[in-house]
Amino acid sequence: MTKDTKMNNSTLASSPAKKKKRRGASLIERRDRLGWVFILPFLIGLVFLYASVIWESFTYSFAKYNTIPAIRGGGYSLTFVGFDNFASQLMKTVDSEGKTFLELIFTSFATQIVDIIIIIMFSLFIAVLLNQKMIGRTAFRAIFFIPVVVGAGIIAKIDSTASEILDAMSSLEGIDMGTANGGEGASGLVSAMDVNMLLGSLGLPSTFTDIIITLVQNIYEIVNRAGVQMLIFLSGLQSISPAIYESCSIDGATAWETFWKITFPMLSPMILVNAFYTIIDSFTAESNEVMLAIIEISPNGVPSGEQSAAAWTYFGLVIVSLLLVAFLFRNFVFYNRRND
Amino acid sequence: MNNKQESKPMVVKETKNKIKADFERTSLKERMKAKYLNSFFYKKLAVAIFRFVLLLGISYIILFPFFSKISASFMSPQDFIQSDVKMIPKFPTLNTYKYLIIENQYFKAMLNSFILSGICAVIQMFVAAFVGYGFAKFKFKGRNIVFLFVMLTMIVPHQILASSFVQKFIYFDIFGIFEATGLYSALGLTQGIYNTYVPLILLSLTGLAFKNGLFIFLMRSYYRGVPDELEESSFIDGYGVFKTFFKIILPISGPMLITIFILAFAWQWTDIFYVNTFLPSSENLLLTSNQFWSVMPDTLEVLSTGAGANVQTFEVAVKNTAGLLVVLPLIILYIFCQRYLVQGIESSGLAN
């Protein structure tokens, strides 16, 4: 008996390298290879549809696109121009204030970063609130996820083009005067003047006041953009075991301490996910000013080298910022019981 | 006596009867006092009120645009000249609805939208589950790289790639099979699969449709939380990988699948870009086709010019009403399904 086990042990210890060569993959490895079958639908799309489309767009950025008129056979021709598209487009003035495209990208990054931080904080806060037991929780949840379901697409489009109707209904000089004064109408919901007065009387620095005012004025937009993040946070909150909270309260932790010592670390993977999602969502939304500028280069959908160049510069920067966020968050994210 | 007490601490046994007797002996006033007149209760009450008011306020912000849209939809052109008309129209009318429904073929568009969104949502749901499972449970080489590509498909918006996609679909072919067999001419299609539902279905099938990267990501996180033991036990029972997936994994992921389905359905329903890029012809009228929502019915134009109103402003109002008509079926569906939306994502317990 003992001899047998000993022999087994020795063979086991000495063989893996040899065995691998002889038998090929192990059972688990062979099973893992089946993963390719599962991701096959995406792979097919990636290789046959997406890769070629992306490649096309990428080559446009280094070339000049010419449409050949239908009389001469139709189609298009590309002439390689190197980095000319990038050079001309990035330095082009796109703004009424005389900003170049590159400057526009960076100023928009700055405002977007503030927005993104606010959206993540807001959605975390609301998710924590919606997770508590209270009167009308179901109703509140239903209302808060309305923007997720209907807020995107057509309603956003109509809202962006048709805020004058809201203004018309709330401001006195509305339609008959023909002026829809931007920003001060019902789309602002709260008068910026009041907030300014209030904060000014408190003696706060003006940069802080500005941030608060833009926050208050854009509250509708922020609520609309925070829906999916709330959903993800809510699911994360549900996955935290109630036993942890229980033991915390027995040890005498206050709600504040519990939040920072338990909820926050346990939610840190979700915060990373939401940071990713919010960055992608807000940088590539149609309402983003850079995206508007990019689409404006060739509004009819005719491919243009300059548009591709601008777009790829922008996406490159977005990808870099995503990597940066991943790098910064790496040490803060706490993974519970994960072993891979 | 003392010794005895030390060795055996007195334990007051609170039987049910004793508690009940105590409870009845204290007067109602005393009981209420003990319950409500303490700092703990005040604090709790203050927090609850603060929370309630805050949530109510934000709910108002979310719902206000809908209220204003609803009230504007009942306004007649005359109301837009009157400067004192705010929320409640002075000359309420149903004409906007009437002519939008009749002249812009609302019901036809709704049926088409329903079919397209239904098909796409079902496909996207299963594809996301399939691909997400592949990423979550199989440790093959290169999966992280492929997953980066999933992220990439989310980063590059399709608006930039629209023309390339359209080209691709007009000249769509699989190794020249369609051309050789004359499939397109047999079906009467002159522009390949452009102007049919096929491009959108194809994008759904390959996980490239609107925000499908997010769906794959959600399903992957969900399946990571499913214990490996479940699959191992089914493996021991003689199920293969695929049988395990279809018979065991899919059924348990029901709530999450419903969440994905709701999101996919709603986003396809309100989608405006794909519909107008790939299906611009009026045969495939959908609710979000430009022919439905951004074309002013002729009768309404006549009415508004007749009333001396600013046609442009009235057109904006008509668009608003059209938008309401688009989301109305969706909201009705949402009212019935909203608890599944939250339930699914709650039960998922995404942990990574």
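This is a predicted model: local features need pLDDT of at least 70, side-chain atom pairs count only at pLDDT 80 or more; totals for chains, interfaces and linings use all residues.
Biologist: What does the secondary structure of chain B come to?
Modeller: Chain B has 19 helices and zero strands.

Biologist: And how many of its residues count as buried?
Modeller: Of the 352 residues in chain B, 37% are buried.

Biologist: What share of the contacts in chain B between residues at least 6 apart in sequence join residues at least 24 apart?
Modeller: That share is 75%.

Biologist: Which domains is chain B divided into?
Modeller: Domain 1 covers 28-73 and domain 2 covers 101-348. The C-alpha centres of these two domains of chain B are 38 Å apart.

Biologist: How many residues are in contact between them?
Modeller: Four residues of domain 1 of chain B contact five residues of domain 2 of chain B. On the domain 1 side, the touching residues are two nonpolar, one polar and one charged.

Biologist: Switching to L303(B). Where is it found?
Modeller: L303(B) sits in helix α18 of chain B, residues 298-306.

Biologist: Why does L303(B) count as partly exposed?
Modeller: Because L303(B) has 19 C-beta neighbours inside 10 Å, and a residue needs 20 or more to be buried.

Biologist: Next, K211(B). Is that one buried or exposed?
Modeller: K211(B) is buried, because 20 other C-beta atoms lie within 10 Å.

Biologist: Where does K211(B) lie, and what is its phi?
Modeller: K211(B) lies in the loop between α11 (198-205) and α12 (212-224) of chain B. Its phi is positive, about 55 degrees, although K211(B) is not a glycine.

Biologist: Staying with α12(B), at what angle does it pack with α15(B)?
Modeller: The angle between α12(B) and α15(B), residues 254-270, is about 170 degrees, and the axes are 11 Å apart. The two helices are therefore roughly antiparallel.

Biologist: Which residues meet there?
Modeller: From α12(B), F215(B), L218(B), M219(B) and Y222(B); from α15(B), M256(B), I260(B) and A264(B). By class the contact has seven nonpolar, no polar and no charged residues.

Biologist: Over to chain A. How do α17(A) and α19(A) cross?
Modeller: Helix α17 (residues 255-283) and helix α19 (residues 305-329) of chain A cross at roughly 165 degrees, and their axes come within 11 Å. α17(A) and α19(A) are therefore roughly antiparallel, and their crossing is right-handed.

Biologist: Which residues make the contact?
Modeller: α17(A) supplies L272(A), A275(A), F276(A), I279(A) and F283(A), while α19(A) supplies V318(A), S321(A), L322(A), V325(A) and F329(A). They divide into nine nonpolar, one polar and no charged.

Biologist: And what about α7(A) with α18(A)?
Modeller: Helix α7 (residues 101-131) and helix α18 (residues 289-297) of chain A have axes 9 Å apart and an angle of about 155 degrees. Angles over 145 count as roughly antiparallel, so α7(A) and α18(A) are roughly antiparallel.

Biologist: What is on each side of that contact?
Modeller: F101(A), L104(A), I105(A) and S108(A) belong to α7(A), and E289(A), V290(A) and A293(A) to α18(A). The contact of α7(A) with α18(A) has five nonpolar, one polar and one charged residues.

Technical notes. Residues are numbered from 1 along each chain as its sequence is written. Chains are lettered from A and ligands numbered from 1 in the order in which they are written. Helices (H or I, at least four residues) and strands (E, at least two) are DSSP runs, numbered from the N terminus. A residue is buried if 20 or more other C-beta atoms lie within 10 Å of its own, exposed if 12 or fewer, and partly exposed in between; C-beta atoms are placed from the backbone. Two residues are in contact if their C-beta atoms, placed from the backbone, lie within 7 Å. Domain bounds come from an automatic or database domain assignment. Ala, Val, Leu, Ile, Met, Phe, Trp, Tyr, Cys and Pro count as nonpolar, Asp, Glu, Lys and Arg as charged, and the others, Gly among them, as polar. Axes are lines fitted to C-alpha atoms, for helices over the stretch in contact, and angles run from 0 to 180 degrees between N-to-C directions. Angles under 35 degrees count as roughly parallel, over 145 as roughly antiparallel, 65 to 115 as roughly perpendicular and the rest as oblique. A crossing is left-handed if the near helix is turned anticlockwise from the far one by less than a right angle, and right-handed if clockwise.
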